[in-house]
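User: Hello! I am new to this structure and would like to learn how to read it step by step. Could you guide me?

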Amino acid sequence: QVQLVESGGGLVQAGGSLRLSCAVSGRTFSWYAMGWFRQAPGKERELVAAISWTGGSTSFSDLLQGRFTISRDNAKNTVYLQMNSLKPDDTAVYYCAARPVTYSQRSYSYTSPREYEYWGQGTQVTVSS
């Protein structure tokens, strides 16, 4: 059983920052890519950012305009999402996801929710105007 637990969400004013964390525990894998997705009410789940096992490949939603960064600490089995210059449109439930990969896939990041096997419960981020 693999557990992903997000933390760091909350209420913030527009222009503020938040840092989300996602800890992976339980039956972990040798290598896994990670992603952050979000879902607002009435909308589909969408990519925020993704990162390869090595950390050398990252992908971001074009909508973010460089405001977010993703990083990981494999020694701690944790991935982070630093969110800056937050806007009300960033309000959503943020989910982290994990995809076990093979040795040859360690440098790839994955951008579709369908490519991920394990999901956290989500953390609410609310940005007030």
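User: What pattern does the protein chain follow when read along the sequence?

Analyst: Welcome! Please keep in mind that this is a predicted model. Read along the sequence, the pattern is β-β-β-β-β-β-β-β-β-β-β. In total, the protein chain has eleven strands and zero helices.

User: How compact is the protein chain for its length?

Analyst: A handy idea is to set the radius of gyration beside what the globule rule gives. Here the radius is 14 Å, close to the 14 Å from the rule for 129 residues, so the protein chain is as compact as a globular protein of that length. Along the principal axes, its C-alpha atoms fill a box of roughly 45 × 30 × 25 Å.

User: What share of the residues counts as buried?

Analyst: Buried means under 20% relative accessible area. In the protein chain, 44% of the 129 residues count as buried.

User: Which residues form a disulfide?

Analyst: To find one, look for a pair of cysteine sulfur atoms within 2.5 Å. The structure holds one disulfide, formed by Cys-22 and Cys-96 with their sulfur atoms 1.9 Å apart. The pair links distant parts of the chain, 74 residues apart: Cys-22 sits in strand β3 (residues 18–26) and Cys-96 in strand β9 (residues 92–100).

User: Are these two cysteines buried or exposed?

Analyst: Cys-22 is buried, because its relative accessible area is 0%. Cys-96 also counts as buried, at 0% relative accessibility.

Notes
Residues numbered from 1 in each chain as written. Predicted model: local features only at pLDDT ≥ 70, side-chain atom pairs only at ≥ 80, totals over all residues. Heavy atoms only, no water. Helix = DSSP H or I, 4+ residues; strand = E, 2+ residues; numbered from the N terminus. Rg over C-alpha atoms; globule rule 2.2 N^0.38 Å. Buried < 20%, exposed > 50% of the residue type's maximum accessible area, 1.4 Å probe, protein only.
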